[in-house]
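Welcome, and thanks for taking a look at this one.

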Amino acid sequence: MSVSVFDLFSIGIGPSSSHTVGPMRAAQRFVTGLADDALLPRVGRVRAELFGSLGATGHGHGSAPAVLAGLEGERPETVDTDSIPLRAAAARTDGVIELNRTDADPGRRRTVTFDADEDLVLHRRRSLPFHPNGMTFTASDQAGGTLRVATYYSIGGGFVLDDDGTGQPALQPDPTPVPHPFRTGAELLDACETSGLSIAEVVWANECARRPGAEVRAGLLSVWEAMVDCVEAGCRHTGTLPGGLRVPRRAADLNARLLREGGLFRDQVDPLAAMDWVTLWALAVNEENAAGGRVVTAPTNGAAGIIPAVLHYAVRFVPLRTRDGSTTAHLGTEDAICEFLLVAGALGAIYQQSASISGAEVGCQGEVGTACSMAAAGLASILGGTPRQIENAAEIGLEHHLGLTCDPVGGLVQIPCIERNAVASVKAITAARLALHGTGTHKVTLDQVIRTMMQTGADMKVKYKETARGGLAVNIVEC
């Protein structure tokens, strides 16, 4: 397995892993390379060009400010989210940008002129051949001579590929040997059957090949803590979301209403009241994402609310079961959190390696669909599911998102993205429960659904793949 759980659950910023996090990482990688190769002192100008979906919806996704932050050396994990629009505005007003500003060594920083119209170009209808989310950076000297040109692809989830000139760049495999490598659902099941381990145990063993077990556990709990912080922030913030659609934030009001009605554990007449909380938690995360706040990419930002919402549901509402089937009330909560994230991460690794998690490549089936699948698998695992029941839960979660388009109104990650996360969270719970009522034997395999998703994405018209030129994006008046 070349993709770690911690690659999939990275802490970044909204509103988009592919359009905000990826471009920031690419820009930071470009200027760091210039500094490492002692080219930065010679740079007089840097030009950034964004193509395909990045160019079409980059304005609504915050791509331009993200690129500028990256050129200044900022990283998504550590950047002050409130400073990004302010610094972007200052660069436009002042006409200068300090490349690699965050580096402690003054010799690795460089202030250059900046013209927003000439040096940061979003090509709305031009694409690069390999992937819809392509970007090219050009560094020139004072005389206009080219010092370096580099092209990158933001392939979803914040992952960035360098154009290596082959025409088919790929993620570089982690050279660390792991005891149970897998790339497909079938290979994951085979690893479980051969070793006699659960899915969580297989992934745990692989992660422990990279770092000590104590670090793996602490890292997983840190991811959960960041998810909790994001939910809490979403439940506090009020007002409207940025971007011009004037979409009201609903999570804070819904949170207050649910608390007035009795809190989390009141014996309510409505047997589905827990679903109101699931909806709240998903809305809270995706409103934070839409506002450019700190979120956990899971596996993308546009789908970041699903896994936190379902895991909150498990922690708050579900009596967790041990392997022998006995029921305990919230016993081993931290163990359950780690198991959930390990299993969800296993499914995410399969999607990242053998398919796509990019809305610009395959539509929202590759974002919300995969997140729903991952959450369903994680929930089925901590409820005591067998590896085959867990694979079935993942298959159900993805199968019933096949064909889902990515059609953000105004190019913003708001409509239909925020509510879509809430609906998919409930669907993930249904998928897990449905799988657990079965034996794990089912007609359609996860790998067959994955292949179908990729074929469907290839057949899908470009206008339905994060370009804001089809679907709801053209049928709703932006006002």
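Helix α2 (residues 17–36) lies across β2, β6, β7 (146–156) and β8, at about 150° to β7. Helices (H or I, at least four residues) and strands (E, at least two) are DSSP runs, numbered from the N terminus; axes are lines fitted to C-alpha atoms, for helices over the stretch in contact (heavy atoms within 4.5 Å), with angles from 0 to 180 degrees between N-to-C directions. This is a predicted model, where local features need pLDDT of at least 70 and side-chain atom pairs count only at pLDDT 80 or more, while totals for chains, interfaces and linings use all residues. Residues are numbered from 1 along each chain as its sequence is written, and side-chain values use heavy atoms, without hydrogens and water.

**The sheet**
- Five strands make an open, mixed sheet in the order β5-β2-β6-β7-β8, where pairing takes at least two DSSP bridges.
- β5 (120–122) and β8 (159–162) are the edges with a single partner strand each, so one side of each has no neighbour in the sheet.
- β2 (residues 43–50) and β6 (residues 134–141) run antiparallel, joined by seven bridges; E49 has T136 as its bridge partner in β6.

**The largest pocket**
- The largest pocket has a volume of about 720 Å³ (space filled by probe spheres set on grid points joined across faces, edges and corners).
- A pocket is an open set of points on a 1 Å grid over the protein atoms alone where a 1.4 Å probe fits, with protein on both sides within 12 Å along at least five of seven lines; lining residues have an atom within 4 Å of a point.
- Among its 38 lining residues, G14, P15, P85, A291 and G292 are the closest to the centre.
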